[in-house]
Amino acid sequence: MKDDKIKSVLKEFSLFKSLNEAELEKMVRVSISRHYPKGSHIFIQEEPLENVYFIYDGKIKIYKSDLNGKEQIVAILKKGEMFPHVGFFRKGGYPANSEVMDQATLVILPISEFEKVLIENPELSIKVFKVLGEKIVDLQDRLESQILNNTYEQIIKLLVRLGKIHGKEQPDGSFKLKGEFTNKDLANMIGTTRETVNRTLTKMKKDELIEVDSNGELTFIPSVLLDELLK
């Protein structure tokens, strides 16, 4: 990807709309773009934290692994998002692993250079802190869900969240969520087993809370699912 293309990509991020051409040029000069095939890793947990990544296209999974190799999915990121969010003003290693779910094109910016731009542009810093704040709130909500909700309730909240982020809203208010997340992925997002997710989705389908087609695409109405939490 040439410099003019990198510039056009960065301009698509609302984060950079406050930068003038000269400031944007500074970022472009130290940025590179790279294509990653499906299944490849961008970085591994504890590797030296050096870059911040901006997704031009594709889908990225951020996850942690324990000593037994058990996976905990932290986030699924798509076009228009950046990661890692803990990289700014912090030394050390990457806090998690990042794997490409769909082949991706990323713009890569060294954190040291990005921090310089943040220091010089208070407006940009405020936008970054706002993004970080939204991520913190999301993580707090998910932690609260794990503490206060049973597995059935957690799966309901997970489907609603994924539907709103990755699904497609239909005219009747329902959401279609493509079969891009396996039941194992869903289980790893909330720390349960694939078998539990299988049983829960089967029950929800039987209760006509969700529809599942032959391609594994889920259709549901968020308000209907959330009503289940009140019963």
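Modeller: The secondary structure of this protein, which is a predicted model, consists of eight helices and 10 strands. Its radius of gyration is 19 Å, close to the 17 Å that the globule rule gives for 231 residues, so the protein is as compact as a globular protein of that length. Along the principal axes, the C-alpha atoms fill a box of roughly 60 × 45 × 30 Å. Of the 231 residues, 45% are buried. If we take the contacts between residues at least 6 apart in sequence, 71% of them join residues at least 24 apart. The accessible surface comes to about 12,900 Å², and carbon and sulfur atoms account for 52% of that. As for charge, there are 35 positive and 36 negative side chains, and the centres of these two sets lie 1 Å apart.

Is S174 buried or exposed? S174 has a relative accessibility of 4%, and the cut-off for buried is under 20%, so S174 counts as buried. The side chain of S174 also has a polar partner: it makes a polar contact with the side chain of D172, at 2.6 Å. Leaving aside residues up to four places away in sequence, S174 touches K168, E169, T219, F220 and I221.

Terms used. Residues are numbered from 1 along each chain as its sequence is written. This is a predicted model: local features need pLDDT of at least 70, side-chain atom pairs count only at pLDDT 80 or more; totals for chains, interfaces and linings use all residues. Side-chain values use heavy atoms; hydrogens and water are left out. Helices (H or I, at least four residues) and strands (E, at least two) are DSSP runs, numbered from the N terminus. The radius of gyration is taken over C-alpha atoms; the globule rule is 2.2 Å times the number of residues to the power 0.38. Buried means under 20% relative accessible area, exposed over 50%, partly exposed in between (1.4 Å probe, protein chains only). Contact means heavy atoms within 4.5 Å. Accessible areas come from the Shrake-Rupley method with a 1.4 Å probe; for residues, only the protein chains shown count as cover. Lys and Arg count as positive and Asp and Glu as negative; His and the chain ends are not counted. The place of a charge is taken as NZ of Lys, CZ of Arg, CG of Asp or CD of Glu. A polar contact is a pair of N or O atoms within 3.5 Å; within protein, one must be able to donate a hydrogen and the other to accept it, and residues adjacent in sequence count only if both atoms are side-chain atoms.
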